[in-house]
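Please have the sequence and the structure before you as I go through it.

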Amino acid sequence: MCREDIWKAYEEWVACFDRGGKLMVCGNGGSGADAQHIVGELMKEFDRMRPLEGAFAAKLEAMYPQDGLSAKLQPALTAMALGVGQVLASAYSNDVAPDMVFAQEVYGYAREGDILLALSTSGNSRNVCNAVKVARAMGLRTIGICGRRYMGEDNVLKGLCDICIVIPETEVYLVQELTLPIYHALCRMVEACYWQPSRHTDGCG
C-alpha cells in the first residue's frame, strides 16, 4: 500500500543529495526521536562502508600525517533534526508561538534544493504542519510519514505534502512501529546509491 510513495520519497532523497541539498526532519515526542534516528543513519555509515577518499582525504593526511584523521571521518548524507535546540525552542515558544518553532527553523535553515521530512503519527500536529507550509512557500519539496486517521479525523499532513507515506494504521504505537522500518528502508536504499559494498556479508547488501 505504501510501496509507491516510499519509492517516490527515495527518488526525492537521492535527487536532493545529488544536488548538494540537505534533509531536514521534524516531529514531536516519539516522532522527534525518529527524526534524530534518521539523521544518525544518514550522517554516518549505516549499512555501507563509507571510506573518506579523494582530495580532502589527501589534504588531511598531508597536513596531519600522524593523526590518521582521514581514516576516522566518513562521508555524510547531510541531514538535520529540527527542534533539538532547547534554548531556541523554549525561547520561540515563550516569546512568539509554540506551534511555529519548527517553521522558524525551516525558514532560518532551509536553502533551495533542500527537503523537509515531516513525521506525525496523527498527521495533524500543528507545529509539523506549519513547518510544511513554510517549506512549501519557500519552494522546498516536502515528504510526510503519518498514520491513516486519528480520532476519526482525516490527517492534514497528507493534503499538504508533495509525497505522503500514509501508514495503514490508526493506533499511535502501531504507526510508530511501522515508521521505523520505512525510514530504515529509505536510509538503506539511498546509502546504497553512493557506497558499495554492504558492511554485511550475508548476501543482503
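Throughout this talk, contact means heavy atoms within 4.5 Å. With that convention, Tyr92 touches Ala97, Met100, Val101 and Gln104, residues up to four places away in sequence not being counted.

Before I continue, some remarks on the source. This is a predicted model, in which local features need pLDDT of at least 70 and side-chain atom pairs count only at pLDDT 80 or more, while totals for chains, interfaces and linings use all residues. Residues are numbered from 1 along each chain as its sequence is written, and side-chain values use heavy atoms, with hydrogens and water left out.

Let me begin with the sheet. Helices (H or I, at least four residues) and strands (E, at least two) are DSSP runs, numbered from the N terminus, and two strands pair if DSSP finds at least two bridges between them. Five strands form an open sheet in the order β2-β1-β3-β4-β7, with parallel pairing. At the edges stand β2 (79–81) and β7, each of which pairs on one side only. From one strand to the next, the twist averages 15°; here axes are lines fitted to C-alpha atoms, for helices over the stretch in contact, and angles run from 0 to 180 degrees between N-to-C directions.

Two helices pack on this sheet. Helix α1 (residues 3–18) touches β1 (23–26), β3, β4 and β7, and its direction makes about 140° with that of β7. Helix α6, for its part, touches β1, β3 and β4, with a direction at about 160° to that of β3.

I turn next to the individual pairings. β1 and β3 run parallel and are joined by four bridges, with Cys26 opposite Ala118 in β3. Strand β3 (residues 115–120) pairs with β4 in the parallel sense over six bridges. Within that pairing, Ile115 has Arg141 of β4 as its bridge partner, and Ser120 stands opposite Cys146. On to β7 (residues 163–167): five bridges join this strand to β4, again in parallel, and Ile143 has Ile163 as its bridge partner there.

How many residues of β3 are buried? Buried means under 20% relative accessible area, exposed over 50%, and partly exposed in between, with a 1.4 Å probe and protein chains only. Six of the six residues of β3 are buried. In a regular strand the side chains alternate between the two faces of the sheet. Strand β4 (residues 141–147) is largely enclosed by the rest of the structure, because six of its seven residues are buried.

Now to the helix pairs. The axes of α1 and helix α8 (residues 172–194) come within 10 Å and cross at roughly 45°. That angle makes α1 oblique to α8; angles under 35 degrees count as roughly parallel, over 145 as roughly antiparallel, 65 to 115 as roughly perpendicular and the rest as oblique. The crossing of α1 and α8 is right-handed: a crossing is left-handed if the near helix is turned anticlockwise from the far one by less than a right angle, and right-handed if clockwise. Among the α1 residues that meet α8 are Trp7, Tyr10, Trp13 and Phe17, and the α8 side includes Ile182, Leu186 and Met189.

Thr179 also lies in helix α8. At 5% relative accessibility, Thr179 counts as buried. Leaving aside neighbours within four places in sequence, Thr179 is in contact with Asp34, Ile145 and Ile167.

Finally, I return to Tyr92, which is found in helix α4. Helix α4 (residues 86–95) packs against helix α5 (residues 101–109) at an angle of about 115°, with their axes 9 Å apart, and this crossing is right-handed. Leu88, Ala89, Tyr92 and Ser93 of α4 make the contact with Val101, Gln104 and Glu105 of α5. Tyr92 and Leu186 are 94 residues apart in sequence and 32 Å apart in space, C-alpha to C-alpha.
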